[in-house]
Structure formats: structure tokens, C-alpha cells
Amino acid sequence: MKPIIRKATKEDLLILDTFMDGLVDAERPMDITIKEGKVVYYNLENFILSDEAQLLVAELNGEIVASGYAKIKYDEVYLKYDKHAYLGFMFVPEKHRGNGYNKLIVDALLKWSKSKNITEVRLDVYDANPPAIRAYEKAGFQKHLIKMRMDISDLK
């Protein structure tokens, strides 16, 4: 059965908060810079209320099985595009993975972005997450930039 893709509502915030916890838990092993304890990546209610963002969920038999958002971001003056859509909060609970729900969310967010006259779409994915990289490449995304970091707290 194919889920319904719909805009998230304030009534979805409790389950989406658990999705955010799941996303943080999944990303912590890939990112030593994430602090311990409760982490809030996004103000989801702002995404629900904003005209410059679209927070979507996939609902199957009354259960939310996937989430994702697109947010319009304005670019630096030296870049080719004035603005782009940034995708994030892509999460599917483990028991629902492998069913193509993330792709349904991405496709709907791409359509929303196009409806806002956006032609450039970006997202971040951890280098240590090859399955996600393959999925986004399969959806048409291309690797673009590598972000590097260094901890110099012990530097003398």
C-alpha cells in the first residue's frame, strides 16, 4: 500500500519530535560534534507555519512513516542562483525503511520547490552514510562539496 504524502500539522509535532530524536541518534555515531543529551535540530512548528518551507510526512494507515522538509535559502551574491531549496529532516523509522517512502517525500519536495520557482536543490549527507549517498544519487543528486573539520583543542 502506498502512503499519503501530506503537509505536516501541529498535531503531528509529538511524533515528529520522536523522529528528530531518531535522526539525532542515527547521526551521532557519524558526527562527534553533536552534543550529548537532547538535541533539537529544527523548529518544526516554524516549518509548518512558514510560506518559505514545506514540512511533509508520509502517512500509512494513520501512522506517520516518513518525514522531510524543503526550505528556501538565499544564496551568496557570487553564486549563480539567487536562492535554493534545502532539504532536511529526512527520516524513516527503521521498521519502515526500504519501502521507498523517503523517495516519495523527496519527489513531493522537489515539486514544491519547482512551484516556488526554485531550480537548485541541495542537501547534506554524512560521508559515513553510503546507503543515503547512493539513495540521493539514485534520485539525481550529485556530490558537490566536502566539508572538513579539525579539533585543535589540544594544539600547542
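Trainee: Why is Asn61 called exposed?
Mentor: In this predicted model, Asn61 has a relative accessibility of 65%, and since exposed means over 50%, Asn61 counts as exposed. Asn61 is found in the loop between E2 and E3, and it has a positive phi of about 50° although it is not a glycine.

Trainee: Why does Asn117 count as exposed?
Mentor: The cut-off is over 50%, and Asn117, at 66% relative accessibility, therefore counts as exposed.

Trainee: How do you know that strand E2 is largely enclosed by the rest of the structure?
Mentor: Buried means under 20% relative accessible area, and seven of the eight residues of E2 (residues 53–60) are buried, so the strand is largely enclosed.

Trainee: What makes E2 and E3 paired strands?
Mentor: Pairing needs at least two bridges, and E2 and E3 (residues 63–74) have eight, in the antiparallel sense; Leu56, for instance, has Gly68 as its bridge partner in E3. Strand E1 (residues 4–7) also pairs with E2 in the antiparallel sense, over four bridges, with Lys7 standing opposite Leu56.

Trainee: What makes Lys73 a charge over the ring of Tyr86?
Mentor: The distance has to be within 6 Å of the ring centre, and Lys73 lies over the face of Tyr86 at 4.4 Å from that centre.

Methods: Residues numbered from 1 in each chain as written. Predicted model: local features only at pLDDT ≥ 70, side-chain atom pairs only at ≥ 80, totals over all residues. Heavy atoms only, no water. Buried < 20%, exposed > 50% of the residue type's maximum accessible area, 1.4 Å probe, protein only. Helix = DSSP H or I, 4+ residues; strand = E, 2+ residues; numbered from the N terminus. Lys NZ or Arg CZ within 6 Å of the ring centre and 35° of its normal.
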